[in-house]
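Visitor: I would like to learn how to read the features of a protein model. Could you take me through them one at a time?

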Amino acid sequence: MKLTILGCHSATPRINTNPTSQVLEIKNHMFLIDCGEGTQVELRRNKVKFSRIKHIFISHLHGDHYFGLIGLVNTFSLLTRETELHIYAPKGLKEVITLQMKLAGGWTRYELIFHELSATDSQLIYEDDKVEVHTIPLKHRIYTNGFLFKEKDNERKLDINLVNEANINKAYFRKLKQGFDVENEDGVLISNEKVTKDPVEAKSYAYCSDTVYNEAIIPTIEEATVLYHESTFLEKDKARCSPTKHSTASQAATIAKKAKVETLILGHYSTRYNDYNLFKMEAETVFDNVLLSKDGKSFEF
């Protein structure tokens, strides 16, 4: 599981800070999460192949989370993309993009499919044989979702030497990987645990963008491998959280601790701050395993 931060700052883009966008690589998928202004430039800078992006998840309709989308959609078309593109976003974004395309006198060369979100409880919005994606209802000034990306349980691993010693036909390898006991060539039932190893533990990534401190999300994100939680403010500016519906670094850490996640990544910093290490220091007074997001930085888990 690899996470690449394209932008991790709030409000407006600046020379050295980009608004929110990130790429999650998980089980051969490349998911784009939020699409702030300048996202396609950062995709190029980080050598992310446009053709691999087939699903885009937009948390909410504040500009710093989607103003880069129309440009990216148009660029895909100019590059003669043929693969369909799925966009999961709050109801209203389809209308925005459709109007922009209509007034420009055109449409995409590829199929553009919108999945409009409006539910206020957690919903399964994407699933295949390897991954599932659930919404994480957040509390912000407008309708907002985070997203929980979960690997499905991995298959058991064959110990090929033990399999051969047990005289098991290749036709049963698939069953062994799925955890079944099988009969060998002599008709003897072989216990799965004797010839296979435990699978690699399935991983999960919880993305919580703009939100006020909200313990209601804990059951949804509990025991996630990684939690990205917004930390717009430091504690000294905590009074700004309520009117703006944002969180502090220590509040993000409190959510991480109560949800028993393995790793916390902080981001969505207000550009009023110059030293982002202060966010890490504050969070570490509550939760041990804290990382700082940074434009262009990648994490592997």
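Visitor: Is Lys-152 buried, partly exposed or exposed?

Guide: Buried means under 20% relative accessible area, exposed over 50%, and partly exposed in between, with a 1.4 Å probe and protein chains only. Lys-152 is partly exposed, with a relative accessible area of 25%. Before going on, note that this is a predicted model, in which local features need pLDDT of at least 70, side-chain atom pairs count only at pLDDT 80 or more, and totals for chains, interfaces and linings use all residues. Residues are numbered from 1 along each chain as its sequence is written, and side-chain values use heavy atoms, with hydrogens and water left out.

Visitor: With which residue does Lys-152 form a salt bridge?

Guide: A salt bridge is a side-chain nitrogen of Lys or Arg within 4 Å of a carboxyl oxygen of Asp or Glu. Here the partner of Lys-152 is Glu-127, and their closest N and O atoms are 2.8 Å apart. The pair links distant parts of the chain, 25 residues apart: Glu-127 is in strand 7 (residues 124–127), and Lys-152 is in the loop between strand 9 (144–151) and strand 10 (157–158). Helices (H or I, at least four residues) and strands (E, at least two) are DSSP runs, numbered from the N terminus. Glu-127 is partly exposed as well, with a relative accessible area of 44%.

Visitor: How many salt bridges are there by this rule?

Guide: The count comes to eight. One of them joins Glu-25 to Arg-52, with 3.6 Å between the closest N and O atoms. Glu-25 sits in strand 2 (residues 21–26) and Arg-52 in the loop between helix 1 (39–45) and strand 4 (53–57), 27 residues apart. Glu-25 is partly exposed at 24% relative accessible area, and Arg-52 is partly exposed at 34%.

Visitor: Which parts of the chain does the pair of Arg-156 and Asp-198 tie together?

Guide: Their closest N and O atoms are 3.1 Å apart. Arg-156 lies in the loop between strand 9 and strand 10, and Asp-198 in the loop between strand 13 (196–197) and strand 14 (204–208), so the pair ties together parts that are 42 residues apart in sequence. Arg-156 is buried, at 19% relative accessible area, whereas Asp-198 counts as exposed at 60%.

Visitor: How do I read a nonpolar core, and which residues of the largest one touch the most other members?

Guide: A nonpolar core is a set of buried Ala, Val, Leu, Ile, Met, Phe, Trp, Tyr and Cys residues joined through side-chain atoms within 4.5 Å. In the largest, which has 52 residues, Phe-147, Phe-149, Tyr-205, Leu-227 and Leu-266 touch the most other members. Helix 9 (residues 249–259) gives the largest share of this core, six residues. Apart from it lies another core, of 25 residues, among them Leu-6, Val-23, Leu-32 and Cys-35.

Visitor: What does Phe-149 touch?

Guide: Contact means heavy atoms within 4.5 Å. Not counting residues up to four places away in sequence, the partners of Phe-149 include Leu-24, Ile-26, Phe-57, Lys-203 and Tyr-205.

Visitor: How many helices and strands are there in the protein?

Guide: The protein has ten helices and 18 strands. Buried residues make up 52% of its 301 residues. Of the contacts with a separation of 6 or more, 63% are between residues 24 or more positions apart.
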